[in-house]
Amino acid sequence: PSASCCRPGAGAQLATPTSAMRSLLALALVAAPAAASIAPFLPKDQEQCNKLEQCFCIKGTPCGWCATYSKALVGTKSGPQGVYCAKWIANPTDCPTLHCAATADEPQWWMQCAAVPVVCWILWLITYWRRKLHDRRSPPTADGESESAGSGALTETSGQAGQQTSEFFKTKRTFQAFCKGIDCPPEERLPTSVSRPYELNLSELSGEECDKSRVGPHRLSVTIRIAMEWRTALGATLVDATAYMLFAALWIVFMRNVARRLDKESYTWLALATKEIGAVISPLQTATGVLLSFYALNRVAWYWSVLMEGHILQGRAHDLGMIGGALKNDTDEDWHARYMLYRHAMLTLFFTYQPFTPRLRFLGFGPLLKCGLLESDEAEILKRAHRSPGTVTESWLSSWIEANLQDESRQQAFQSLRELRASISVVQALVDQRAPVSFESLLYIVVYALVAILPISPSNVDYSNREAVMEGIHVATVFGVGILGGFYLALIHMLRHLQAPFDHIGAPHDALNPIALMNNTERKLRDYLTLPVVNSRASSNGKQQQQQQ
């Protein structure tokens, strides 16, 4: 301060600052933040920075990284302290690589990365071991027959196949037992039921006792247990689904490691590539949804048509038996005629389903001869058939109607026979019905392409965020992709095996069981053809006489 400040009137001059004093105040205000930012840094902070050899090692320290000198320096977001750096990195996520070899959490990071793939690998081993165990032991199906998942089940001999399908052939059909009718002893009767119905459902598989008049209880745990069995589409594709989940887990580990070690420019290019691949997922899902919904709905409706045509075919055979039951049964010839109608109707039903049922396809005439449905002279004729044995038995039914029925009964019987033959043709035509090759191949290609792309760019992972990709475990992503891919694979498996609706090898729980249909038809035919005839006219006359008395 100058001496003038002490002169009288100087206070008035200090009350109004000059321009120089204003400049000094402004300079102090600007320098105050810089001084405050410099104040916390101590010499030991610079010593800590000198020990850092990689850019990402500045995380959690008061240091920044000068890319110009490849050195860690004490500084702030605006730059280092005391020096000038043209390429200053203050945020660790802006480093070229997100890897620091000096940190002690490297083993922990790798253990965290390996946890999900190891779990997926264990799940794959369990499902793979289960499939191998099934192939080796060939467990029996619900029908009590042993089967194989490979082609061995299709090359078995007629004798072995006859033993495996013992439910239909275990009862010996004889003319004497047929004539006994309702007086037939239990040991000579046909089985009242088979171990597996014509069509399985969840209520029967769950073991819940419920009648057909109401819906049984639904339990999620039971449903999941049934769905995981190898006899269903989901259970059959569990090995593929777990392998797919393992691939998704390994891909996530690869991307986490790339985000940690690859330089920023290269990783940006890779993240952009995965994003472009992910852009294809949405159109693929749309195309897959359209194709699958159309094909699945039509294929399931077709499956129900095959199922219902079996019941219609059963009803036509019952019509023949009901009309044939009106035939007189006074002599042995009458009983032989009824027994012939019974055998030929059952043979027609058997030959209808034999070409489409693996357990019956490779059977010869031996089991039919042993069980009494076929006679030796008839077998010689069937061997010489031009098309199939079923056409010969249909011709025998036509000859039987012409020889044994008359007037209105004959006309009704021929009408029922025509309807029976039409139902047989419908069943055979439905089983031979397939989707066009171009459509089916396009469907498979679209689904497999979608399944292959899903793990590469899942919708809930932002690969542009390197730190989130590197630090996240992504458990939900891996299992979500695995479940979605497993669903598509199981759906394709189901649609492919529904093309053979009686194939108990590919999809046992979904396959129809024609043996149950034939057993039910045969028992009803016996009732129609062997029950004693009640003289309705005589009984009505007796009632009138009682009323008159």
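Is Glu 375 buried, partly exposed or exposed? With a relative accessible area of 36%, Glu 375 is partly exposed. Here are some notes on the rest, with the reminder that this is a predicted model.

1. Let me stay with Glu 375 for a moment. Glu 375 pairs with Arg 343 in a salt bridge, and the closest N and O atoms are 3.6 Å apart. The two partners come from distant parts of the chain, 32 residues apart: Arg 343 belongs to helix α14 (residues 332–353), while Glu 375 sits in the loop between α16 (366–371) and α17 (376–383).

2. Arg 343 has another partner to look at. Its side chain also meets that of Glu 378 in a salt bridge, at 2.9 Å from N to O. Because Arg 343 lies in helix α14 and Glu 378 in helix α17, this pair ties together parts that are 35 residues apart in sequence. Glu 378 has a relative accessible area of 8%, under the 20% cut-off, and so counts as buried. Through shared partners, the salt bridges join Arg 343, Glu 375 and Glu 378 into one network.

3. The salt-bridge count for the model comes to eight. One of them is formed by the side chains of Glu 229 and Arg 225, at 3.4 Å from N to O. Both ends of this pair are partly exposed: Glu 229 has a relative accessible area of 25%, and Arg 225 has 41%.

4. Next, the second largest pocket. Its space comes to about 670 Å³, and 21 residues line it. Those nearest the centre are Leu 202, Thr 232, Ala 233, Met 494 and Asp 510. Two or more lining residues come from each of α8 (202–206), α9 (220–227), α10 (233–236), α13 (281–324) and α22 (475–497). The biggest share is that of α22, which gives four residues.

5. What is the make-up of that lining by class? The second largest pocket has 15 nonpolar residues in its lining, along with four polar and two charged ones.

6. Leu 125 has a relative accessibility of 33%, so it counts as partly exposed.

7. Two backbone details deserve a look. Ser 70 is not a glycine, yet its phi is positive, at about 55°. Ser 70 is placed in the loop between β1 (63–66) and β2 (71–74), and at 51% relative accessibility it counts as exposed.

8. The other backbone detail concerns Asp 407. Its phi is near 55°, again a positive value in a residue other than glycine. Asp 407 is placed in helix α19 (residues 407–432). With 61% relative accessibility, Asp 407 counts as exposed.

Note on methods: Residues are numbered from 1 along each chain as its sequence is written. This is a predicted model: local features need pLDDT of at least 70, side-chain atom pairs count only at pLDDT 80 or more; totals for chains, interfaces and linings use all residues. Side-chain values use heavy atoms; hydrogens and water are left out. On a 1 Å grid over the protein atoms alone, a cavity is a set of points where a 1.4 Å probe fits but cannot get out, and a pocket is an open set with protein on both sides within 12 Å along at least five of seven lines; lining residues have an atom within 4 Å of a point. Grid points are joined across faces, edges and corners, and a volume is the space filled by probe spheres set on the points. Ala, Val, Leu, Ile, Met, Phe, Trp, Tyr, Cys and Pro count as nonpolar, Asp, Glu, Lys and Arg as charged, and the others, Gly among them, as polar. Buried means under 20% relative accessible area, exposed over 50%, partly exposed in between (1.4 Å probe, protein chains only). A salt bridge is a side-chain nitrogen of Lys or Arg within 4 Å of a carboxyl oxygen of Asp or Glu.
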